[in-house]
Amino acid sequence: MGDEGKLEHGDQAQEALGAVRHVEEATDAMTPFEAATYFFHRSADRLNMRDEVRAVLATSYRELAVQIPVKYEDGSIHVHRGYRVQHNGARGPYKGGIRYADSVDMDEVRALAALMTWKNGLIDVPYGGAKGGVHCDPTTMSHLEKERLTRRFTAMISYIIGVNRDIPAPDMGTDAQTMAWMMDEYGRKNGYTPGIVTGKPVELGGSPGREEATGRGVVICTKEAAKRKDMPFRDAAVAIQGFGNVGYWTAALAQEQGAKVVAVSDIRGGIYNADGLDVDTVLKHSRDAGSVQGYHDADDVSNQDVLELPCDILVPAAIHGVIRSDNASKIQARMIVEAANGPTTPTADEILVDRGITVVPDILANAGGVTVSYFEWVQNIQQFRWELEQVNFELKKRMTRATQQVFERAEANRTTLRDAAFDIGVGRVASAAEVRGYV
Ligand code: NAD
């Protein structure tokens, strides 16, 4: 069969797994997977990628959708939809978080799985990319309902996960407790297997430093990027959208290292004080009040306002698609550090580039989480516990190296940081797929 035959086969594979073809013009209406694929195809063009390789990397390797009936405490039964997508495994076992949110659908999970592939390639951990999620609203569910949901979901996806196959971790709406239930449920059939998930509680084999790892990585990367851009980090005004695991730890560690956190927000809205917030007092308030809003030493602002406030560094750390063509021109920050996955639409990205705003892309900025997940998995396999100092030392080394590589590539090829990050990540995955003889 000649080239034509291979291409035809590639097209069919793409269609079956919902891939979008090359999109010439970006719009705000793109779905998360369309947006992720848009950046991938641009990178594939720059890398002169063969069509067969492009066809493989533009689609998921395997996609599983399951139904999860859960008996709620009031006796009602809710049937949730769950997903696990394995995007590409050329560089190692699949790896990626599990999200519980009412935005979760196959398209969102597919996008996040692909981003994991490029992120793992870029940060150079020996993993492929995956993601999972359940469509639900975890904020309205009881502890017991979340446990039932997690155990049922784990049983349903247990056929395709494994220590050397696919290793889940926490993401939005899930945490160390969720991972403990997953490990326990998986262990019922397979025996004690701590390496089946990462982000576990430390007493169950979790790694010291994993909880704060994504935020710590964001701060390491931000400081390195600021240095490269001749921006002082000390006293820099930082605004953060999202005050969950990533948002809180980014805020706490940025403050600890001398920056001034002027705004934070959660799903209900945000708070702003130009003189700086005391992050731990805000945390205490948000635990008591159920939101950061109403904090005594700041003004309440909307989630939209948080993005547009006067600040030096803006860190979106909540959901995708919040920086769009309608607000990109109003952003006052000089640097945007994408702690969330996919917070900037491709259209907004172009506006920010034109305005000369530095955008540190998600696949670089938030890679600290998967990096320490890798350390946790290594510790579980070797049954040997690292000290926190070693975890943080290795994290800093890898985040700094990846940030430097992205800046150097962007400067050498005169591209944006996002393009450079994609080119490194996508290029590594493509050559692994080829050298394995996969395509
Ligand atoms: P989380 O559930 O701990 O916190 C999410 C935060 O976002 C909360 O403060 C929530 O109130 C807020 N939020 C939710 N919906 C919102 C909305 N519509 N508008 C404004 N705020 C909203 O989640 P997390 O683990 O901190 O993840 C945040 C982001 O970081 C996600 O995009 C996730 O994919 C990404 N990320 C997380 C990790 C990790 O290790 N947890 C790693 C890499 C990337």
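**Entry 1**

Before I start: two strands count as paired if DSSP finds at least two bridges between them. I also note that this is a predicted model.

With that in hand, I looked up an open sheet of five strands, and I wrote down its order as β1-β2-β4-β3-β5. Its pairing is mixed. As a reminder to myself, strands of a sheet pair through backbone hydrogen bonds, and they do so either parallel or antiparallel.

Which strands sit at the edges? I found β1 (62-71) and β5 (166-170) there, each pairing on one side only.

Next I zoomed in on one pair. Strand β3 (residues 94-101) runs parallel to strand β4 (residues 128-135), and six bridges link them. Looking across, I saw Tyr-100 opposite Val-134 in β4.

**Entry 2: helices on that sheet**

I then asked which strands helix α4 touches. Helix α4 (residues 106-123) packs on the sheet and touches β1, β2 (77-88), β3 and β4. I noted its direction too, which makes about 155° with that of β4.

Helix α5 (residues 143-157) also packs on the sheet, and my list of strands it touches reads β1, β2, β3 and β4. Here the angle I wrote down is with β1, and it comes to about 145°.

**Entry 3: the seven-stranded sheet**

I moved on to an open sheet of seven strands with mixed pairing. From one side to the other I read β9-β8-β7-β6-β10-β11-β12. The edge strands are β9 (299-301) and β12 (358-360), so labelled in my notes since each pairs on one side only. Neighbouring strands in this sheet are turned by 20° on average, again ignoring direction.

I picked out β8 (residues 269-272), which is antiparallel to β9 and joined to it by three bridges. In β9, Asp-299 stands opposite Tyr-272.

**Entry 4: around the ligand**

How many residues surround the ligand? I got 21, and the closest are Arg-99, Asp-171, Thr-214, Val-246 and Ala-318. Sorted by class, this shell has nine nonpolar, eight polar and four charged residues.

- Arg-99 puts a polar side-chain atom 2.8 Å from a ligand oxygen.
- Val-246 has a backbone N or O atom 2.9 Å from a ligand oxygen.
- Gly-244 has a polar backbone atom 3.2 Å from a ligand oxygen.

Key. Residues numbered from 1 in each chain as written. Predicted model: local features only at pLDDT ≥ 70, side-chain atom pairs only at ≥ 80, totals over all residues. Heavy atoms only, no water. Helix = DSSP H or I, 4+ residues; strand = E, 2+ residues; numbered from the N terminus. Axes fitted to C-alpha atoms, helices over the stretch in contact; angles between N-to-C directions. Contact = heavy atoms within 4.5 Å. Near = heavy atom within 4 Å. Polar contact = N/O pair within 3.5 Å; in protein donor to acceptor, adjacent residues only side chain to side chain. Nonpolar A, V, L, I, M, F, W, Y, C, P; charged D, E, K, R; others polar.
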